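Hello! Here are a few notes to read alongside the picture.

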Amino acid sequence: MSQTSLPDYHFLLIASNLGAEWLFDAARAYWQQFRPTVISDLSLVSIVPEDYTIVVTAIARRDRVAEFGVELAQLAPDAVFDPVVFDFLEDAKQTLDERARLNQPFGVPLIPTITPTPGPTSRPVYPTPGPVAPNGIITQTPTPDLPDQDDIDTEGTPQTPIFPTPGSITGG
């Protein structure tokens with residue numbers, strides 16, 4: 001199945017057996033045009049929530065492309081796999097440059113979609129879903145024997161000193 005619309009997440013996977021020139025030379029125009037997230041393995045794809053669309057464009061030679069497809073299917077069954085399979089750098093560069101020139105990130109024309117207007121019903125995108133810190137984290141150390149700050153008359157009353165946390169944070 002070809003991807004004909006822009007996904008929520010677009011990853012560009014460069015096979016580990018290819019040199020840096022495959023990214024910096026062959027895929028330069030492609031990356032500048034579409035700005036996919038460049039990855040070297042597929043483990044990042046597994047943390048994207050299931051309700052987002054994912055496309056992985058993989059630049060690889062024939063010897064590695066099948067295993068990337070299988071690994072992606074295991075990690076994210078609904079993700080679209082877009083292999084760019086060439087054994088020579090110049091061939092890959094020509095194809096990726098052509099995609100960038102034609103504004104076809106996945107090798108086929110994009111179907112224009114109506115962009116929804118952001119509003120209260122649109123869902124926000126957070127890089128880390130869920131709470132970041134567990135409940136019950138102490139963020140302030142109580143200072144014993146100090147007067148309640150709400151009851152202090154601010155005229156003529158000296159500032160109260162700030163005391164460091166007694167002992168180590170982990171206890172002991």
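This is a predicted model: local features need pLDDT of at least 70, side-chain atom pairs count only at pLDDT 80 or more; totals for chains, interfaces and linings use all residues.

1. Residues are numbered from 1 along each chain as its sequence is written, and side-chain values use heavy atoms, with hydrogens and water left out.

2. Start with the open sheet, where 4 strands pair in parallel in the order 2-1-3-4. Strand 2 (37-39) and strand 4 are the edges, each with a single partner strand, so one side of each has no neighbour in the sheet. On average, neighbouring strands are turned by 25 degrees against each other, direction ignored. (Strands are DSSP runs of E, at least two residues, and helices are runs of H or I, at least four, numbered from the N terminus; two strands pair if DSSP finds at least two bridges between them.)

3. Now look at strand 1 and strand 3, which share 6 bridges in the parallel sense. Ile-14 has Ile-59 of strand 3 as its bridge partner.

4. Next comes helix 3 (residues 62-75), whose buried residues include Arg-64, Val-65, Phe-68 and Leu-72. They lie on the same side of helix 3, because they cover an arc of only 105 degrees around the axis. (The arc is that of the directions from the helix axis to the C-beta atoms; buried means under 20% relative accessible area, exposed over 50%, partly exposed in between, with a 1.4 Å probe and protein chains only.) Asp-63, Ala-66 and Gln-74 are exposed, on the face turned away from the buried side.

5. What covers those buried residues? Strand 1 (9-14), strand 3 (54-60) and strand 4 (80-85) are among the elements that do, where contact means heavy atoms within 4.5 Å.

Terms used: Axes are lines fitted to C-alpha atoms, for helices over the stretch in contact, and angles run from 0 to 180 degrees between N-to-C directions.
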